[in-house]
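Please open the structure in your viewer and keep the selection tool at hand.

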Amino acid sequence: MVTVSIEVEARFEDLVMARAPALLRLGLMLTGNLADAEDLVQITLLQAHRHHAQLVEMDAEQARTELFALINLAARPPGATPVAAPNTDTRLATSFEQQQYAERR
């Protein structure tokens, strides 16, 4: 079992609190209703928490990009083809996508 410092947890919580409103707005755009958007944000944050130690080490813009990539992946229907923006580092999103694929098999 990996122990995570209280500092890392606090930094992840700060990141979530800073990005949650933007994630919810994007979730609303992707789903069209508040309940589904909230569910989508929750799924995204659960996935982000699996890699939170990595996420808090990223600069703010890269962490934002990763969270937005995760929410977009979570919103995609199973089997949909991903579309990545040029020059986007989506390491966590790729990990999430591989996990989703493995769970569907």
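A polar contact is a pair of N or O atoms within 3.5 Å; within protein, one must be able to donate a hydrogen and the other to accept it, and residues adjacent in sequence count only if both atoms are side-chain atoms. This is a predicted model, in which local features need pLDDT of at least 70 and side-chain atom pairs count only at pLDDT 80 or more, while totals for chains, interfaces and linings use all residues. Residues are numbered from 1 along each chain as its sequence is written, and side-chain values use heavy atoms, with hydrogens and water left out.

Select Asp-59 and Glu-61. A side-chain oxygen of Asp-59 lies 3.1 Å from the backbone nitrogen of Glu-61, capping the N-terminal end of H4. Helices are DSSP runs (H or I, at least four residues), numbered from the N terminus.

Next, select residues 60-75, helix H4.

Of its 20 residues, Phe-12, Leu-23, Ala-48, Leu-55, Leu-67 and Ile-71 touch the most other members. Helices H1 (6-31), H2 (34-50), H3 (52-57) and H4 each supply at least two residues of this core, and H1 gives the largest share, seven residues.

Finally, select Leu-45 in helix H2. Leu-45 is buried, with a relative accessible area of 18%. Leaving aside residues up to four places away in sequence, Leu-45 touches Phe-12, Val-16 and Leu-23, where contact means heavy atoms within 4.5 Å.

How values were computed: Expected span 1.5 Å × (residues − 1). Core = buried A, V, L, I, M, F, W, Y, C linked by side-chain atoms within 4.5 Å. Buried < 20%, exposed > 50% of the residue type's maximum accessible area, 1.4 Å probe, protein only.
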